[in-house]
Amino acid sequence: MLGSLIPTRWRRNYDITDPDKPGFYNRRVTPYLQAVSHKACTHPIHSIAVVAILGSAFYVNLLESGFFQPSPVSAANKVDFNALSAGSRRLHLGAETGWKWQLQDNGTGRKVTEQVDEELAVVTLSFPDTNGSPYAAPIAQGVPLPEDSLAELLPSSVNILSPISSDTTLAFSMPYSETARFLEGVKNVPASGNGMAQVEDGSDDEPEQKRWLMKSGKRGGRSNGMLEWAENSWTAFVDLLKNAETLDIIIMSLGYFSMYLTFISLFLSMRRMGSNFWLGTSVLFSSAFAFLFALVVTLKLGVPEDVVLLSEGVPFLVVTVGFEKPIVLTQAVLSAALHAKQNGNGNGNGEPLTIQNAVQIAVRERGFEIVRDYAVEIAILCAGAASGIQGGLRQFCFLAAWTLFFDCILLFTFYTSILTIKLEINRIKRHVTLRKALEEDGVSRRVAENVASSNEWPKDESFHSSETYSIFGRKVRDSSIPRFKVMMVTGFILINVLNLCTMPFRGTRNNSPITTAGLSSVVTQPPIDPFKVAGNGLDHIFNQAKRNQLSLSVTVFNPIKYELQYPSMADAGNAASDWSLLNGDYREGVFSAVGGRVVESLLKSFEDPVLSKWVITALAMSLVLNGYLFNAARWSIKDPEQAQRQASISEQRPATSHAKKASVNGNILASSPMDGESKATAPETDFAPGESGKRTREQCEAMVRGKKAPLLDDAELVDLSLRGKIPGYALEKTLEDKTRAVKIRRSVISRTPGTTELTAGLERSLLPYEHFDYDRVHGACCENVIGYMPLPLGVAGPLTIDGRSYFLPMATTEGVLVASTSRGCKAINAGGGAVTVLTADGMTRGPCIGFETLTRAAAAKVWLDGVEGQKVMREAFNSTSRFARLQQLKSSIAGTYVYVRFKTTTGDAMGMNMISKGVENALKVMSTEAGFEDMAIISVSGNYCTDKKPAAINWIDGRGKSVVAEAIIPADVVRSVLKSDVNALVELNIAKNFIGSAMAGSIGGFNAHAANIVTAIFLATGQDPAQNVESSNCITVMKNLHGDLQITVSMPCIEVGTIGGGTVLEPQAAMLDLLGVRGPHPTSPGDNARQLAKIVAAGVLAGELSLCSALAAGHLVQAHMSHNRSAAPSAAPSRAQSPRPAGKPTLNPVGLAMTNMVERAGREASRR
């Protein structure tokens, strides 16, 4: 039981996938976490709105509390002396200190125990630069001193940051008892200037002049919001750098640097999981809301906090706590989605895969671990808050504990809601992108919608262990996030230990030990360095005291800041707000109900200039988001009337023989024609059968006209189709059941009178037709469907391609092909794998346009080749698609005909339909806008492409993807695996692939059997098999490289795509999944298709290597005979070599005969 409370990172040999993982507390806490997160996921907008409303209310409450004021002031426009003296330093000087400055306790509330001759105070007035304003900082004589004041002007001190801040300072010394009166007198200092920028108030009074107003002397009132707070914070930060001690500055700088590194780590981690901005920003917003809630609760509970404490403690809170918990939860949600995708679009319980289910799985797996870590950290902070440590540590721990508490709540509500919306938007974007790409490639909208629906979830090829997550291609380890946090905290502790150990050895000005910086300075306001504030003035006082032998006690105040302003404007800012109408009795009546104060705070939040802009921005983003979601989702919403009509038809439809039938050798056996179907009774309608039990032909035809054909039985449908009342191509549309339509079509073909002798057996044949998704076929892949053709599918490999291993799917009926390719893969892997290079990527279409005269044809060619023509055609072509981009335009002329070869990118689609649409539009623009109205478009495809035909232009210029693949096979691998020799393979390649192909006049056929591998992979992955003609163009080159075999294949015309065409079918798409290239690439359109082309080229490389080795060794016929005979083979195929006549010596293997002849000739020449 107690073991479940130990964080997992502290336990060894712990596996998250262990089924016995849930412990006692886990089983009790997790259901509550799932309930909360489920509410947040199912109502994300509501959750975000509630948190935003509460945040607004808490923010206004914080403003009204005066928390953002620069410092406390009195309510009667009196200077708060205690506030101004906070953080001051008291120094003692005299004979008893050896005439060295000695530090006493901070503050003015304590009396000096030693007897001193005089108590002085040093006050520094700081006036900021006016940036070119006619008003300048006052001179010492312009400061209004109180009557009978003993204040004395001291030399001002110069700080190293003075050039940056550009402040003017005036330092005064006076008896300590006179300080309060002095400060009251200088709260309003006249500004020296030329009288410009005066304010006319419309009266006879003198125009108002700007004055220097003490920031801490202004009347109490509500702050103007975040802008004023940010300005004051920056000023306080600069003052801190100027006046604080060096070690404190170093510690704080390290804290802020570590905090920013933590922010960077957060965004990098989220970037690895696919979010560049939104998720990281959402985590920061969630943490900011938690901090806001904690701050208000802490103040309401009476624990004092101030801006300085927060500005110095928050960096260490951020570093200590970090953002690993949102990262862990995000990883878990994505992992759950990926696992569910791999298990077949479900969560393992029969429920459909949704983002809400993924969140529930993630919370079940990691929720308790996250909450436990929160609880441990809160317990440690509570112990710190309950400790007796003085300073601000207790307040800081109290605030941090509440921050973690609210952060835990917001993690499972606010952040989970945003994560749900983000993942839902990503899913919709993938869905819409794939659907539009398929539609641009010519696929019907219905099929494109079905395909996109099954490919809208993220994919991952290598999700392995619980410690390493591979999300979107990059790996993130659980230990990578805490490691940075531990390093930062350890460094912070070491710095403070070093600080405490070196305290006795430090010295300051005049060798006085004035340093108390240490661990407490991290959570309390760092004491000022009096010598940085008024070093020159203290030197002046030191010299006078030592000369007069007077013991002194000097209190050095923090510099007092001033700002240039009109006094009337300052008073107006403190006047009653516009919400004064809500005060008094009316307010009590309106806001007396429960939650009324929250509504009041929410309404008042709109007064804040910053928050109001955030609200407007949030409303605009909400409108855009809702519009986007509605526009993307409306295509998935079915028409209620259509759905109801389909449901009613399905209820009235007669029973058919679609039950699962017996199968033989994996094929469904068709039942006897129309078995029992004529006995099916239709419901009572106007078209009910007559007394004979059968409908008349007129009734059946009337039902077809009334769109009630699905209510007819199969025999009636066959009869109608044979009589031409239902066209054979329209069965799917008429019956609204594609499987039934295929069955009826088979019966119609079997009973067609003109072909009965040949087709009578189709109805009862072993050609399967059931249990197939014809929705993806209809309107996309095939027409007049009568079934589907099972094809053997094997895998070759694995093959290492560019450092990554793949199994190559190959659909073929040729024996030994897969085995031979696998042998080539084995040899290539032994040499380190294949290396591929993509040299070009561009699909082509070559239309033919005609003119009446040669002059006009030549003018068109000149225009097309010119800069203007290229520009116009490119713009017209590119306007038709988001993916197709015109790369090159090449024209040729033959008589009065002009042939234009468009070469374009097509994203991840093979792209012929996409290009054809762009070509049509470009030719239309050329005809209507470029002055060629007399041209005639003979054909969109003029065989200048060239598509599905051997052509030298494809071999020379390339078409589709141009890829070169290379492998280096060690000589010993050639002998042991390939059973051949390097020189023999090189010689065979020259004799067969080069000379033999040249003798045959081949174009692109300088290879052994590239078409074998290309066609097999094309069939397996849903490519167009007819494009094997140009895709198999290949030249195989072999060389002896330092005794090893170097083999390359160059294929300039690999025409493949990962969307559209046959890739919409699930079996073929599953093979693309096997290769990790299914669908469009999420970030770089075209990368999946390019990778598939590289895989094809590498497969051809393996096939070429293996076949050439078999030919060189004389094993080809033997391999085919032994592998392609299931019965006991005869003696001939099993012999290791060719038979020989009796008494004759053994013949050399055929493949090595020529090589051996050359070797013998070489040996004979050497003997001579």
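Because the model is predicted, local features need pLDDT of at least 70 and side-chain atom pairs count only at pLDDT 80 or more, while totals for chains, interfaces and linings use all residues. Residues are numbered from 1 along each chain as its sequence is written, and side-chain values use heavy atoms, with hydrogens and water left out.

Helices (H or I, at least four residues) and strands (E, at least two) are DSSP runs, numbered from the N terminus. Strand 1, residues 89-93, has five of its five residues buried, so the rest of the structure largely encloses it; buried here means under 20% relative accessible area with a 1.4 Å probe, protein chains only. In a regular strand the side chains alternate between the two faces of the sheet. On one side of strand 1 lie Arg-89, Leu-91 and Leu-93, and on the other Arg-90 and His-92, all of them buried.

| Partner of strand 1 | Bridges and sense | Facing residues |
|---|---|---|
| Strand 10 (residues 552-556) | five, antiparallel | Arg-90 and Thr-555 |
| Strand 2 (residues 102-103) | two, antiparallel | Leu-91 and Leu-103 |

For "transmembrane region", an unreviewed UniProt entry lists residues 249-270, 277-296, 399-421 and 484-505, although such annotations may be inferred rather than shown by experiment. Residues 249-270 are 100% helix and 0% strand, with end C-alpha atoms 32 Å apart, and residues 399-421 are also 100% helix and 0% strand, with end C-alpha atoms 31 Å apart.

Helix 8 (residues 278-300) has 23 residues and should span 33 Å at 1.5 Å a residue, which agrees with its end C-alpha atoms being 33 Å apart; the expected span is 1.5 Å times one less than the number of residues. Just after helix 8, Gly-302 takes a positive phi of about 85 degrees.

Note on methods: Buried means under 20% relative accessible area, exposed over 50%, partly exposed in between (1.4 Å probe, protein chains only). Two strands pair if DSSP finds at least two bridges between them.
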